[in-house]
Amino acid sequence: MISLLTSNFHSFLVAFGYTLLSSIIALIASTVLGTLFAILQIVPSKTANVIARAYIEVFRNIPLLIIVMFFYLVVTKIVKIGGFTAGTIGLTLYTSAFIAETVRAGINSVGIGQTEGARANGLSSWQTLRIIILPQAFKIAIPSLGNQFINLVKNSSILAFVAGGDLMYTANNVAATTFDSFNSYIIVGIFYLIITLPLNYYMKFLETKLKGMA
Amino acid sequence: MEKAKKRKIGIISSIILTLLIIFGVVSASALAENNSKHVDTWERVKRLGKIRWGVKADTKLFGLMDTKTGQPEGFDVDIAKALTVQLSKQSGVPMQADFTIVTSNTRIQLLKNANIDGFIATATITPEREKVIDFSNSYFKAGQSILVKKGSGIKSIKDLNNFKSTIIGVAGSNSVINVKKFAPKAKVLALGDYGQAMAALKAGQGQALTTDNGILYGLATENPGYTVVGGTFTSEPYGVAFDNNQPEMVKQTNKALKAIIANGTYNKLIKKWFRGVPGLDWRSLEK
């Protein structure tokens, strides 16, 4: 296992970089998108509600692979996008639908009294949402958001299907050239742990820290 | 317990857990190595009365899944059937052929894990592969070539040797390794199977698809807008593969191969699969 790692260290390192980059982009973008659609679901506008609902239901209920393949093989005929971009876009859209649901659940669990109190004190509805509701909603949503983030990192292995150069893709190639599938997959498994375990630890840390602030 | 103590316990237990996982992985790896000791394939197929062949299901002409019957069909599949019949005659034990679908990427591992007894799956005999598996004599002479869109202006592999070009191949095939020698500047993308690779070529993810000419001709018959150009730039003799150190199985297979060539079965199969392929001189494939 060690010899396989050292002889292919450069490939694995580059792949690790791609997986990390894709995960970070998708994590930030899907959190922003997810929050946006969570808000669109609760604003007092029928049109916005319907649009948000449709977006979430579509991307939450289609397999990630189909979304990614759609961008890789269909959208690319209109706008040129490579495997890495197609994979990251698919990952972002897919995860954002789950994050929207998580954040919405967080918003709903903040008592109505909070909104009433804020409004009575003269805050506009946007201010109420931004200053009073969202911070509390995120605090409640953190454990499930942590789950979504970890799933996101693992789901980034979808890039292998569209030759996105990530860890899984490299594992396939190394396994194919060295005929040592066993160790190739073990090694990338460990690389994924290098991303997910600290992420997990950080989310736990955030959870306890925010609990202390209440 | 105060916080610091709790944290300490947490950290220590995570370290222990990590060490346990690493230890588990290492010992499993050792165990796997022990388990991959070879058994005699020839004895096993005679005992079980069947040969489990690995064949392709994504390669037109050689092994393609027939969506109506759910069975793989192609030249490799028919060779497997003919060999099984011949091997039954040689051993005196009636044997039947069982088919398992493999891809370029999974075939060697499936063979090593004894999920299959052997594979006939467009596999080129290479020195690297011969270190880990055994090959019969070559049953088909292929060569690597490229498939491009008609009117693309690409005439041979040399036109792709620049930093702007992207060449599509299939993971685990010999051709993605070889193409780097002939077009070192081009980017090479390895996809899961030939269906995906062809879809990626059509979507414009690359300018050319590279693999053995036989497979490319198969893709070209299904996709009339695409054509094989530039002739072959490598020689790819296909062999029937078995696990490492199977001299008896290889010997019997070579004998069976000779027999099906001698009795005309081989040429019949060449005619059956390659006669209607545009751009290919099927007569030259006969033995």
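Chain B is divided into domain 1 (41–142 + 237–285) and domain 2 (144–229), with bounds from an automatic or database domain assignment. This is a predicted model: local features need pLDDT of at least 70, side-chain atom pairs count only at pLDDT 80 or more, and totals for chains, interfaces and linings use all residues. Residues are numbered from 1 along each chain as its sequence is written, while chains are lettered from A and ligands numbered from 1 in the order in which they are written.

**Domains of chain B**
- The C-alpha centres of domain 1 and domain 2 of chain B lie 25 Å apart.
- Their contact takes 16 residues from domain 1 of chain B and 19 residues from domain 2 of chain B. Two residues are in contact if their C-beta atoms, placed from the backbone, lie within 7 Å.
- On the domain 1 side, the classes are 6 nonpolar, 8 polar and 2 charged residues. Ala, Val, Leu, Ile, Met, Phe, Trp, Tyr, Cys and Pro count as nonpolar, Asp, Glu, Lys and Arg as charged, and the others, Gly among them, as polar.

**Chain B overall**
- Chain B has 10 helices and 13 strands. These are DSSP runs numbered from the N terminus: helices are H or I with at least four residues, strands are E with at least two.
- Its C-alpha atoms fill a box of roughly 85 × 55 × 40 Å along the principal axes.
- Of the 287 residues of chain B, 42% count as buried; a buried residue has 20 or more other C-beta atoms within 10 Å of its own, with C-beta atoms placed from the backbone.
- Among contacts in chain B between residues at least 6 apart in sequence, 70% join residues at least 24 apart.

**A sheet in chain B**
- An open sheet of 3 strands in chain B runs in the order 2-3-4, with antiparallel pairing. Two strands pair if DSSP finds at least two bridges between them.
- Strand 2 (58–59) and strand 4 (72–73) of chain B are the edge strands, each pairing on one side only.
- Strand 2 and strand 3 (residues 63–65) of chain B are joined by 2 bridges. B:G63 in strand 3 is the bridge partner of B:T59.

**Interface with chain A**
- 19 residues of chain B are in contact with 18 residues of chain A.
- Helix 1 (3–35), helix 4 (107–112), strand 10 (187–191) and helix 7 (194–202) of chain B each give two or more residues to this side.
- The chain B side has 12 nonpolar, 7 polar and no charged residues.

Technical notes. Buried ≥ 20, exposed ≤ 12 C-beta atoms within 10 Å, placed from the backbone.
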